[in-house]
Amino acid sequence: MPPATGVLITGRWPFGETACQIHAYFSLFAVYISPVTMGLTALNRYIRICKSDQQYNLYFSKKKSPWPSGQHVGLAIRGPGFESRSGH
């Protein structure tokens, strides 16, 4: 049962401020990470199918691929933190 169900039942947030911030953070994390992952996957497939192997290997290899993936996850982790600091 998701935590937001408690709000529907009681009409208020019964889990405290910390749980509220954690819930908001992970909700926004999911919003940020999903489209970025789909976009990077689309870019990877586009370059693989439409460009030469030489161009594909310029951007994507076993050494280079973890770097953009780690960057986009890192940005998504930081993104919700800035949003939830407003105290609302």
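Student: Leaving aside neighbours within four places in sequence, which residues is Asn 44 in contact with?

Tutor: Tyr 56 and Phe 60. Keep in mind that we're looking at a predicted model.

Student: What makes those count as contacts?

Tutor: The cut-off is heavy atoms within 4.5 Å, and Asn 44 is in contact with both Tyr 56 and Phe 60.

Student: Is Asn 44 called buried or exposed, and why?

Tutor: Its relative accessible area is 15%. Buried means under 20%, so Asn 44 is buried. Other buried residues in α2 include Tyr 25, Ile 33 and Ile 47.

Student: What does the UniProt record say about residues 22–43?

Tutor: The unreviewed UniProt entry annotates them as "transmembrane region". Such annotations may be inferred rather than shown by experiment. In the model, that span is 100% helix and 0% strand, with its end C-alpha atoms 32 Å apart.

Student: Why is the meeting of Asp 53 and Arg 48 called a salt bridge?

Tutor: The N to O distance is 2.9 Å. The rule asks for a nitrogen of Lys or Arg within 4 Å of a carboxyl oxygen of Asp or Glu, so this pair qualifies. By that rule the count comes to 1 salt bridge. As background, side chains of opposite charge can pair when their charged atoms come close.

Student: What makes Arg 48 sit over the ring of Tyr 56?

Tutor: The charged end of Arg 48 is 4.6 Å from the ring's centre. The distance limit is 6 Å, and the charge must also be within 35 degrees of the ring normal. Arg 48 is listed as sitting over that ring.

Student: How many aromatic pairs are there in the whole structure?

Tutor: A search finds 4. One of them is Trp 13 with Phe 15, which is edge-to-face. Tyr 25, Phe 26 and Phe 29 form one aromatic cluster.

Student: Why is the Trp 13 and Phe 15 pair called edge-to-face?

Tutor: Their centres are 5.2 Å apart, with 80 degrees between the planes.

Terms used
Residues are numbered from 1 along each chain as its sequence is written. This is a predicted model: local features need pLDDT of at least 70, side-chain atom pairs count only at pLDDT 80 or more; totals for chains, interfaces and linings use all residues. Side-chain values use heavy atoms; hydrogens and water are left out. A salt bridge is a side-chain nitrogen of Lys or Arg within 4 Å of a carboxyl oxygen of Asp or Glu. Helices (H or I, at least four residues) and strands (E, at least two) are DSSP runs, numbered from the N terminus. Rings of Phe, Tyr and Trp (its six-membered ring) pair if their centres lie within 6.5 Å; planes under 30 degrees apart count as stacked, over 60 as edge-to-face and the rest as tilted. Buried means under 20% relative accessible area, exposed over 50%, partly exposed in between (1.4 Å probe, protein chains only).
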